[in-house]
Amino acid sequence: MNQKLKEKIMESLAAVLPITGIVLLISVLLVPVELGTMVMFLTGAILLVIGMGFFQLGAEMSMTPLGEGIGVQISKTRRILLILLIGFAMGVIITVSEPDLQVLAQQVPSIPNHILILTVAVGVGIFLAIAILRILFQVNLSTILIVLYLALIGLSYFVSKDFLAVAFDSGGVTTGPMTVPFIMAMGVGLASVRGDKNASSDSFGLVALSSIGPVLAVLLLGSFYHPTNASYTSSAAAGVVTTRDLLVEFVTSMPPYIREVIISLLPVALVFALFQSVSHRYQKRSIKRILIGFGYTYIGLVLFLCGVNVGFAPLGSFLGKEIASAGWKWLLVPIGMLIGYYIVKAEPAIQVLNHQVEGVTNGAVSAKSMNRCLSIGVSVSVGLAMIRVLTGLPIYFILIPGYCIALAMSRMVPKMFVGIAFDSGGVASGPMTTTFLLPLSIGACEAANGNIMTDAFGVVALVALTPLIAVQIMGMQYQYILKQKEKAQQIPKQASVAASYEFFDFEEDDGDVDE
């Protein structure tokens, strides 16, 4: 086996093992699960581990160099209109390629799928173009975010409550495993050409702005369509009795994902072919490496999506129903928090983000500290989501104060951490959230006789919110430690200067005595 691939698979195993262990403990101690369903879950976990390993290596070999290359070329272009067109086109193409967007489209039957997908893609395209201009013209990210989120909150008052949570969820759904590696790498490429002191901090923020576009676009769409009959069809566990049944279930479930990922990767592959034919940026060896990377990405996404949808989603819905209908329904909050803490580590795009943050900051912000910080943030968000399921607390009561706190903090932390924080919010809410946490909250909501559209939906939006605050708290801590180190370095200097003054004074006094 390729040594690099082996390393990635071992990283994936370390990320997925805790959540698998938690589910096993719950099934033994609280909610008995049929053996067939549990075997489906464990098989899904194996596919998820292998798929994540292939995907991470593939994204590193293909998406990252392609995104950086396009970012560098855009930076060298002096035509603003061309920059806007390229940014818009890349945003639309990469969003249409996002597998998670298909999940969102199926939630809202009152709006045709192609209209919803196109609306979200246009929203990402417009805001990706704005994000590129922000980097090139060095506009303060915090200021733009404050203006846009105020507009977003204002517009949300004109949208049906039944559709509000779905609209906010769309921002997290569209920044998934296809979008994040490409957009993050593009930001690094754009900033690398500048070479000034703010280049590293400005390389972040593309995902943050791109995830606002879908929310605004879907809110606008909702104000026209008034989709009050949005619904969700929960997935049921397949009846597996023998090992042959297990094999047949996964083999027959895989073809849709094989087609879906081909459709997702094809536009990106065409962009690579067009970019290479125009720029001639990559040598034969690099081209071969990128093509192999596309192959790894394809295999990884197929295995990952099949694993989480066939193995994880049905069990998530089942556990939610059983825990919420039992006498210990409030245990759903700490259980949800525990699952949230570990599940974010299994998000494929999270690992890409964390390693890029570590690389851009030269290790000042390690992948390990980012993992810990995001885990705490997502843990809190899932706990809040479970409280909403059980009490019917309106999502406004959490989102508005949360975003106000995050935006206020953005004026006090180093610029780099503002971009990292708002990027991490979109990245944290990926396929693991939509295929396990969302079914978990929907199953619990059904058992509690709640309104699915107002109480269960919104878990993705909350998962996208809390990392904004958690990462900026880490930024404040980083700033404090930096200031303490500077003070510690200044004290010896001041002491040495004082000593030198004393030395010179002594020499002068001595001279006076001699006279």
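This is a dialogue about reading features in a predicted model of one protein chain.

Biologist: Let's begin with the overall fold. How many helices and strands does the protein chain have?

Modeller: The protein chain has 20 helices and zero strands. Of its 515 residues, 56% count as buried. Look at the contacts with a separation of 6 or more: residues 24 or more positions apart account for 87% of them. As for the surface, the chain exposes about 21500 Å², with carbon and sulfur atoms supplying 65% of that.

Biologist: Where is the confidence lowest, and where is it highest?

Modeller: Here's the general idea: where pLDDT is low, the predicted coordinates should not be read in detail. In this model the chain averages a pLDDT of 82, and 88% of the residues score at least 70. Confidence is lowest in helix 4 (residues 99-107), at a mean of 63, and highest in helix 16 (residues 396-409), at 92.

Biologist: On to charges. How many salt bridges does a search of the whole structure find?

Modeller: The idea is that side chains of opposite charge can pair when their charged atoms come close. Here the search finds three salt bridges. Take Lys4 and Glu60, whose closest N and O atoms are 3.9 Å apart. Lys4 sits in helix 1 and Glu60 in helix 2 (residues 35-76), so this pair ties together parts that are 56 residues apart in sequence. That 3.9 Å falls inside the 4 Å cut-off for a salt bridge.

Biologist: What other salt bridge does Glu60 form?

Modeller: Glu60 also pairs with Lys8, at 3.0 Å between the closest N and O atoms. Again helix 2 meets helix 1, so parts 52 residues apart in sequence are tied together. Lys8 is buried, with a relative accessible area of 7%, whereas Lys4 is partly exposed at 35% and Glu60 partly exposed at 32%.

Biologist: And which residues meet in the remaining bridge?

Modeller: Glu446 and Lys321, at 3.4 Å from N to O. Glu446 lies in helix 18 and Lys321 in helix 12, so the pair links parts that are 125 residues apart in sequence. Glu446 is partly exposed at 30%, and Lys321 is partly exposed at 32%. Back at the other two bridges, shared partners join Lys4, Lys8 and Glu60 into one network.

Biologist: Now rings. How many aromatic pairs are there?

Modeller: For rings, you look at the distance between centres and the angle between planes. The count comes to 11 aromatic pairs. One of them is Tyr341 with Tyr342: the centres are 5.0 Å apart and the planes at 80 degrees, so the pair is edge-to-face. Phe417 and Tyr478 form a tilted pair, 5.1 Å centre to centre with 45 degrees between the planes. Phe417 belongs to helix 17 (residues 415-428) and Tyr478 to helix 20 (residues 459-514), so this pair ties together parts 61 residues apart in sequence.

Biologist: What about the backbone? Which residue other than glycine has a positive phi near 50 degrees?

Modeller: As background, most residues other than glycine have a negative phi. His280 has the positive value near 50 degrees. His280 sits in the loop between helix 11 (243-279) and helix 12 (284-325), and is exposed at 57% relative accessible area. Asn449 has a positive phi too, of about 60 degrees. Asn449 is in the loop between helix 18 (431-447) and helix 19 (452-456), and counts as exposed at 72%.

Key: Residues numbered from 1 in each chain as written. Heavy atoms only, no water. pLDDT = per-residue confidence, 0-100. Helix = DSSP H or I, 4+ residues; strand = E, 2+ residues; numbered from the N terminus. Phe/Tyr/Trp six-rings, centres within 6.5 Å; stacked < 30°, edge-to-face > 60°. Buried < 20%, exposed > 50% of the residue type's maximum accessible area, 1.4 Å probe, protein only. Contact = heavy atoms within 4.5 Å. Areas by Shrake-Rupley, 256 points an atom, 1.4 Å probe, with all protein chains shown as cover. Salt bridge = Lys/Arg side-chain N within 4 Å of Asp/Glu carboxyl O.
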